[in-house]
Structure formats: structure tokens, C-alpha cells
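Subject: Structure handover

Hello,

Here is the structure for you to look over. My notes on what was found in it follow below.

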Amino acid sequence: TSKARQEFSQIVNRAEFKGERIILYRRGKKAAALVPIEDLELIEAIEDRIDIEESKKAMAEARKKGTIPWRKIKKELGL
């Protein structure tokens, strides 16, 4: 990471213009990555799709099994 700090603009350019994925190390261990924005956008789109699918499953389960009233949950939690 200290080398990356010194060469930050060069590293950003490598990711932005060459599409490189750069792993940053701290004390010999992987600490972070600098990736092209397109990679990040793809990861976020995949996460959104997963969240939507999980939400659909949860809603289907709630329709099938029912839900717990909020007042009951509050009482169980002592709120």
C-alpha cells in the first residue's frame, strides 16, 4: 500500500485505461483491490440481482407461511 500511495495516479490510470485489476498488499497480505469502474458496476448489478431473487423468495415464503405481527415481535424483544 505504501508503494501504491506513491504511484496512485499511475495505478488509477492502469485500472481506468488498461482495464487492469490491481491487488494492494499490506504486510504481505491482500488488503484491497483497485478495479475498473465497469468491474465494480458488474459486481453491483450481480449483487442487486441476488438481492431481488432473495426478496422474491422471502415474499413467497411470507405469503405461504404468514407473518408475525409487529406488536408480538416488539413484546418478545421487550420494546
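**Confidence**

This is a predicted model. The average pLDDT for the protein is 95, and 100% of the residues reach at least 70. Confidence is lowest in helix H1 (residues 2-6), where the mean is 89, and highest in helix H3 (residues 37-65), where the mean is 97.

**The start of the chain**

Thr-1 sits in the segment before H1. With a relative accessible area of 29%, Thr-1 is partly exposed. Between Ser-2 and Leu-34 the C-alpha distance is 14 Å, with 32 residues separating them in sequence.

**The hairpin**

Strand S1 (residues 22-26) and strand S2 (residues 29-34) run antiparallel and are joined by five bridges. Two residues lie between the strands of this hairpin, and in that turn Arg-27 has a positive phi of about 55°. Two of the facing pairs can be named. Arg-26 stands opposite Lys-29 of S2, and Tyr-25 has Lys-30 of S2 as its bridge partner. As for burial, S2 has six residues and the number buried is zero, so the strand lies largely in the open.

**Salt bridges**

The structure holds four salt bridges. Three of them are described here.

- Asp-39 and Arg-21: the closest N and O atoms are 2.5 Å apart. This pair links distant parts of the chain, since Asp-39 is in helix H3 and Arg-21 is in the loop between helix H2 (8-18) and S1, 18 residues apart. Asp-39 counts as buried, at 17% relative accessibility, because the limit for buried is under 20%. Arg-21, at 63%, counts as exposed. The side chains of Asp-39 and Arg-21 are also joined by a polar contact of 2.5 Å.
- Glu-20 and Arg-14: the closest N and O atoms are 2.9 Å apart. Glu-20 is partly exposed at 26% relative accessibility, and Arg-14 is partly exposed at 33%.
- Lys-65 and Glu-61: here the closest N and O atoms are 3.8 Å apart. Both residues lie in helix H3, four residues apart, which is about one turn of the helix. Lys-65 counts as exposed at 64% relative accessibility, while Glu-61 is partly exposed at 44%.

**A nonpolar patch**

Which residues make the nonpolar surface patch? They are Val-35, Ile-37 and Leu-40, and the patch covers about 220 Å². Leu-40 is part of helix H3, and its relative accessibility of 35% makes it partly exposed.

**Helix H4**

Is helix H4 (residues 70-77) buried or in the open? None of its eight residues is buried, so H4 lies largely in the open. Just after H4 comes Gly-78, with a positive phi of about 70°.

**Where to look first**

The patch made by Val-35, Ile-37 and Leu-40 could follow.

Regards

Technical notes
Residues are numbered from 1 along each chain as its sequence is written. This is a predicted model: local features need pLDDT of at least 70, side-chain atom pairs count only at pLDDT 80 or more; totals for chains, interfaces and linings use all residues. Side-chain values use heavy atoms; hydrogens and water are left out. Buried means under 20% relative accessible area, exposed over 50%, partly exposed in between (1.4 Å probe, protein chains only). pLDDT is the predictor's confidence in each residue, from 0 to 100. Two strands pair if DSSP finds at least two bridges between them. Patches are made of residues with over 30% relative accessible area and no salt bridge: like charges are joined within 9 Å, nonpolar side chains (Val, Leu, Ile, Met, Phe, Trp, Tyr) within 5 Å. Accessible areas come from the Shrake-Rupley method with a 1.4 Å probe; for residues, only the protein chains shown count as cover. A salt bridge is a side-chain nitrogen of Lys or Arg within 4 Å of a carboxyl oxygen of Asp or Glu. A polar contact is a pair of N or O atoms within 3.5 Å; within protein, one must be able to donate a hydrogen and the other to accept it, and residues adjacent in sequence count only if both atoms are side-chain atoms.
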